[in-house]
2 protein chains.
Amino acid sequence: MKKYETYKAHLQQLADIRYAAALLQWDQETYIPKKGTLHRSRQLATLAGIAHELATDPKLGDLLEALSKDSSLSEREKVNIKESLRDYKKQQKYTKAFVEEQSRCISQSFHAWQQAREENNFSIFAPHLEQLVKLKREEAEMVGYEDHPYDALLDHYEPGCKTADLTVLFQDVKQQLVDFVKTISEQPQNNDAVMFKHYAHQQQWDFGIELLQQMHYDFDAGRQDLSAHPFTTSFGPKDVRVTTRVNENDLNEMIWSTIHEGGHALYEQGLTTEDYGLPTGEAISLSIHESQSRLWENNVGRGRAYWESNYKTLQQLFPQNLGEVDLAAFYKAMNIVKPSLIRTNADELTYHFHVLIRFEIEKALMEGTIEVKDLPSYWNARYKEYLNIEVPTDTQGVLQDIHWSHGSFGYFPTYSLGSFYAAQFYAQALIEIPALEAEIRAGNMLPLLQWLRENIHQHGKLYTSEELCQKITGEKLNFKYFMDYARKKYTALYNLQTVAV
Amino acid sequence: MKKYETYKAHLQQLADIRYAAALLQWDQETYIPKKGTLHRSRQLATLAGIAHELATDPKLGDLLEALSKDSSLSEREKVNIKESLRDYKKQQKYTKAFVEEQSRCISQSFHAWQQAREENNFSIFAPHLEQLVKLKREEAEMVGYEDHPYDALLDHYEPGCKTADLTVLFQDVKQQLVDFVKTISEQPQNNDAVMFKHYAHQQQWDFGIELLQQMHYDFDAGRQDLSAHPFTTSFGPKDVRVTTRVNENDLNEMIWSTIHEGGHALYEQGLTTEDYGLPTGEAISLSIHESQSRLWENNVGRGRAYWESNYKTLQQLFPQNLGEVDLAAFYKAMNIVKPSLIRTNADELTYHFHVLIRFEIEKALMEGTIEVKDLPSYWNARYKEYLNIEVPTDTQGVLQDIHWSHGSFGYFPTYSLGSFYAAQFYAQALIEIPALEAEIRAGNMLPLLQWLRENIHQHGKLYTSEELCQKITGEKLNFKYFMDYARKKYTALYNLQTVAV
């Protein structure tokens, strides 16, 4: 047992450094003054360098090799050793110089991206992005891959995920969703003007806080702040922070960001404190993480039951805007299917076209079949092709997402995977908790949260995504659940009786 | 030159870790959720451990020994090597286990102190404080001292400062101030009721921001937040943050905290970016730091000239409270000399009795002639003796200051030293800038700031406190300047013509 304790102390120290860096990043996106970025970049680079040293320390490697042969360990301990050994071997492939350079580059890119966005000027961001893409291609070669360089990046977020599989999945998705969205577009259109009246900042903020409280997000173990692009970050399961944004002329932004990040945060708050810094104290993968945010945002938050209780509160906050709008009309307005420019504001169906475009771009960047300077025109052409809309500015186009400025390539596909896992998990929850929708209708989210805590959160990395899905639903990820959910919901919303399958 | 560059890189990496820890601490006192402290303590301990490793790295010692014999270095470089070698030798005396234990203990103490303060229950804090005092006595033995164990702690904040000298100084101060305050107390008393009307939070906050802007505090290189106990912290000269507090029933708290911390922050913002992480890029000592905050708070901020421009703004913000109060009355109200409970709210004369009491307690704790459990009664007896007031609760007594919960013993005396340096520096500034008070009267703080930048800020640790004082004023620290300032100002305020010296 002594070796295991040494291993645990080592990993927890590594977690301390990573969480400290996460706080520096959180601060960088919320409260840092403009000139503070000058030294913040190097502080983050130094922490990244130290984390890398700890993660690749040969003493850790020796410990892990020895422990991986120790049959006296518990199941949970064995998983920790297996996962840590996998990470260790991967980390071994990175040089310290590469890690520090990448950290520095990311920190500078983030600020260039912010400025480029403010000034609607892609060329401010382009040289940084070029440098990042170059680093990512180096990284793929450094880490290694079997089929496609992009696989090496996907693996960070979704272990074992393959470009080839995603290509097939997105092809499948595209065909089924394209047909379905086309059918919707041929029906009389619903009206969502009510979402774009003027909604005062403070009341929106207060409403968002109420929604988080209703979800049982623990404000003693977290807080909400504002940032340009909403995100969730954790410094341990007892300090899990969310950010949101408020647009006074679009009620959607705050509501969906808040519930979405709340879903992520509940996962992190549900990890076990005892396993701080260990794989079993960490989320499985980004797609499972995303399944939690999407489940709350879409399957729960965009459902009629959710608004049975919450709509009254919203009406009281905004009597002028909503006093005369009934729940049925509001429910229709929030579930408009309409091609749009901004991924994070997209409806839950066309959303996957946004991901598809980013997937195609990332794949092409990794293959070297497209150059950074051509991204705006490539982007705009794809939006025309898949969503049939014109992109008026790069701020509303290629500059809209934070991810690339953070060096996160291979991240976007997990959003779609997450939605599909969410649909499959939620279908199972409806079976196992017969009163689920009635509870939600009454504003009681606890039965759902307890189900998620028990089936998903508490396990950490004890199971892989696939194992977990099999364990909970009795089968592997199956796109059918998403399409079933979509068809049932939107057939009713758009009176599609005649074309429903 | 290559060795010097290696040394510089090493020190700047050390600065990165320390500044990262400073951000974690800033967050801990401003935005952290309640339960977040659980893991924050260990994160800070880990960073402290890594910083200690870097600071005591034998490779650094070898570099410093070699560089200290390198006559080709510039004066500034030589000072850096000398100061770094001094630090290195001192750090060598600490064990890693001690540093980590102390960091953990401090982090827990801080939260115990917060709770003890909220619940007015000293016994919540006492066991943590006992542990800290034990560690401080160990530390004195570890670091070593010639005359008195307290010297070892004083040296952290004011290099070379001796308990024996402070004992003489405080004796001197006590006698002169006691007489003077007694004379004042025998005169008809001024009225400060105007300061305790109701002043709305937001308007106070806005006014504080204006004062900081007027001082040329750079909000692009810093920000202001709220905290229980105001402080200034820096993560490099381009990110220097202040906090303040707002009491709606006492206008003094926000005003003096804001100007005071603003003064500290201007010093940090005036350090050179090129010397990031090096001694010449750091403040000399706490007393010189405090001279900057006190100079702005007292010599400038509590002066009549300062309010010639600012009082109109304040009147406009609070017409109901101040519309009928003229500047002369307001000036008198803000300069009431009256024994009070809270150090940070004290007038600039009785303030030094508060410091005196803390100095006596710290000295006694280090000598072991008083026990932590007896602190409340000891504290209350001293307040009765020196200030002739009863302490009604420990929250307003022994629990009022953050310092001990931070493990900062030996810090308080620098407040008084800072005031005395401030008086001496300001007297010199008045000679060198004949229009100084006229500029302040017109709301132009730039001539003063430029004088401070040129004479103090830019040098970092290039000179010691004593050398700097000699260089600027032509003599060593001389208590006479403070008494001259006090006598001149309060003789006018309290019509003491007959007793003025």
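**Helix, interface and salt bridges**

Mentor: Helix α9 of chain B, residues 201-214, has 14 residues and reaches 20 Å from its first C-alpha to its last, close to the 20 Å expected at 1.5 Å a residue. Please keep in mind throughout that this is a predicted model.

Trainee: Which residues of α9(B) are buried, and which elements are included in what covers them?

Mentor: Buried here stands for a relative accessible area under 20%. In α9(B) that description applies to Q204(B), W205(B), F207(B), G208(B), I209(B), L211(B), L212(B) and Q214(B). The cover over the buried residues of this helix includes, all from chain B, β1 (224-226), β3 (240-244), α10 (251-269) and α12 (304-317).

Trainee: How much area do chain A and chain B bury between them?

Mentor: The size of an interface is often given as the accessible area lost when the parts come together. Here 38 residues of chain A are in contact with 38 residues of chain B. Carbon and sulfur atoms carry 59% of the area that the two chains bury between them, and that area is about 3,300 Å².

Trainee: How many salt bridges does the rule find across the interface of chain A and chain B, and which element gives the largest share of the side of chain A that touches chain B?

Mentor: Across the interface of chain A and chain B, the rule finds 24 residue pairs in polar contact, both residues being at pLDDT 80 or more. The elements of chain A that give two or more residues to the side touching chain B are α1 (2-30) and α2 (37-55), and by class that side has 17 nonpolar, nine polar and twelve charged residues. The salt bridges across this interface number eight, and the largest share of the chain A side, ten residues, comes from α1(A).

Trainee: Which residues are joined into one network by salt bridges that share partners?

Mentor: The side chain of R241(B) meets that of D27(A) in a salt bridge with an N to O distance of 2.7 Å, and R241(B) also forms a salt bridge with D239(B), where the closest N and O atoms are 2.8 Å apart. R241(B) counts as buried because its relative accessibility is 0%, and D239(B) likewise counts as buried at 0%. Salt bridges that share partners join into one network the residues D27(A), R40(A), D239(B) and R241(B).

Trainee: Is E186(B), which meets K182(B) in a salt bridge, buried or exposed?

Mentor: The N to O distance between the side chains of E186(B) and K182(B) is 3.2 Å. K182(B) has a relative accessible area of 49%, so K182(B) is partly exposed. The cut-off for exposed lies over 50%, and E186(B), at 54% relative accessibility, therefore counts as exposed.

Trainee: Are R302(B) and E297(B) buried or exposed, and how many salt bridges does the rule count over all chains?

Mentor: The side chains of R302(B) and E297(B) meet in a salt bridge at 2.9 Å, N to O, and both R302(B) and E297(B) are buried. Over all chains, the count of salt bridges by this rule comes to 56.

Key: Residues are numbered from 1 along each chain as its sequence is written. Chains are lettered from A and ligands numbered from 1 in the order in which they are written. This is a predicted model: local features need pLDDT of at least 70, side-chain atom pairs count only at pLDDT 80 or more; totals for chains, interfaces and linings use all residues. Side-chain values use heavy atoms; hydrogens and water are left out. Contact means heavy atoms within 4.5 Å. Buried area is the accessible area (1.4 Å probe) that two parts lose on being put together, summed over both. A salt bridge is a side-chain nitrogen of Lys or Arg within 4 Å of a carboxyl oxygen of Asp or Glu. A polar contact is a pair of N or O atoms within 3.5 Å; within protein, one must be able to donate a hydrogen and the other to accept it, and residues adjacent in sequence count only if both atoms are side-chain atoms. Helices (H or I, at least four residues) and strands (E, at least two) are DSSP runs, numbered from the N terminus. Ala, Val, Leu, Ile, Met, Phe, Trp, Tyr, Cys and Pro count as nonpolar, Asp, Glu, Lys and Arg as charged, and the others, Gly among them, as polar. The expected span of a helix is 1.5 Å times one less than its number of residues. Buried means under 20% relative accessible area, exposed over 50%, partly exposed in between (1.4 Å probe, protein chains only).
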